[in-house]
Amino acid sequence: MSLNAFKSDCLKLQHDDVVQKYLLDGSSYFFDKEINTDEFRFKKDIAQCLNVHLREIVIVGSGKLGFSIKPDRDVPGYFPFKEFDHDFKSGTKSKKSDLDIAIVSNALFDNQLHQLFDYTSQYCNNEIWDKRTDRNSLAKYILKGWLKPEFVPKLYKISDDLHAILAKYKMEFGRDVNIGIYKTWYFFEKYHINNIRNINLNLIANGKSANNKT
């Protein structure tokens, strides 16, 4: 998957088409280029332990594309498009790129909210949160139709089976495997469409095109 082609499409295609073409369609860079493991089997393991459909599991981020489409943390509006494992390969940090997985399931999302509601005593138990901001961050993303496990209480598990599966693949891949749960495709696509919109504006502002160097 070419970064130049991605940039070109960000400039000429509708934002939702870019999301569908690059994030929802096709195979994933990580499984095609980085590791000799079947993407189907990986997705199937997660689908079975969460009782969701295989099609509800999507590889996202640099593991899908081969490059990151996150904005720079220190320079607002700048997209460095770092290649997969860039920081690890350049020696700036020892940690390899995470493999990020989106699970789009209304049933799973609602089930987890019910379980969290009970586990946290209706979100009133202040002692189980790791940081004071975690509960607010969890609520913020839930309003966006996105359950981010990094903000749930530390001892809370989405499922014991999922915990075991992710630990298994973390050892096999030598990198963290993260999941996020979206309530519907609407919320998933809206989040990524907004990111593509920002990339489009950045490319226009900087006069980038597919013919420029990356």
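Mentor: We go through this predicted model feature by feature, starting with salt bridges.

Trainee: How many salt bridges does a search of the whole structure find?

Mentor: The general idea is a distance test: a side-chain nitrogen of Lys or Arg within 4 Å of a carboxyl oxygen of Asp or Glu. The search of the whole structure finds 13 salt bridges.

Trainee: Which side chain meets that of Lys-12 in a salt bridge?

Mentor: The partner of Lys-12 is Asp-9, with an N to O distance of 4.0 Å. Both residues are in helix H1, and being three residues apart there they are separated by about one helical turn.

Trainee: With which lysine of another helix does Asp-9 form a salt bridge?

Mentor: The side chain of Asp-9 also meets that of Lys-21, at 2.7 Å from N to O. Asp-9 lies in helix H1 and Lys-21 in helix H2, so this pair ties together parts that are twelve residues apart in sequence. Lys-21 has a relative accessible area of 44% and is therefore partly exposed.

Trainee: Which pair links distant parts of the chain?

Mentor: Take Asp-45 and Lys-168, which form a salt bridge with their closest N and O atoms 3.5 Å apart. Asp-45 is in helix H4 and Lys-168 in helix H9 (residues 160-173), and 123 residues separate them. Asp-45 counts as buried at 12% relative accessibility, while Lys-168 is partly exposed at 42%.

Trainee: Which residues are linked in a network of salt bridges?

Mentor: Lys-95, Asp-98, Lys-170 and Asp-176 are linked in this way.

Trainee: Is Gln-112 buried or exposed?

Mentor: Gln-112, in helix H7 (residues 106-119), has 2% relative accessibility and therefore counts as buried. Setting aside residues up to four places away in sequence, Gln-112 touches Leu-147, Tyr-156, Ile-158 and Ile-181.

Trainee: Which residues form a nonpolar patch on the surface?

Mentor: Leu-11, Leu-201 and Ile-204 form one, with about 270 Å² of accessible area together. A patch residue needs over 30% relative accessible area. Leu-11, in helix H1 (residues 3-12), has 32% and counts as partly exposed.

Trainee: What is the volume of the second largest pocket, and which residues lie nearest its centre?

Mentor: The second largest pocket has a volume of about 220 Å³. Its lining has 14 residues, of which Leu-24, Gly-26, Lys-43, Arg-55 and Ile-57 lie nearest the centre. Helix H2 (15-24), helix H4 (39-50) and strand S1 (57-60) each supply at least two residues of that lining.

Technical notes
Residues numbered from 1 in each chain as written. Predicted model: local features only at pLDDT ≥ 70, side-chain atom pairs only at ≥ 80, totals over all residues. Heavy atoms only, no water. Patch = residues over 30% accessible without salt bridge, like charges linked within 9 Å, V, L, I, M, F, W, Y side chains within 5 Å. Areas by Shrake-Rupley, 256 points an atom, 1.4 Å probe, with all protein chains shown as cover. Helix = DSSP H or I, 4+ residues; strand = E, 2+ residues; numbered from the N terminus. Buried < 20%, exposed > 50% of the residue type's maximum accessible area, 1.4 Å probe, protein only. Contact = heavy atoms within 4.5 Å. 1 Å grid on protein atoms, 1.4 Å probe; cavity = no way out; pocket = protein on both sides within 12 Å on 5 of 7 lines; lining within 4 Å. Points joined across faces, edges and corners; volume = space filled by probe spheres on them.
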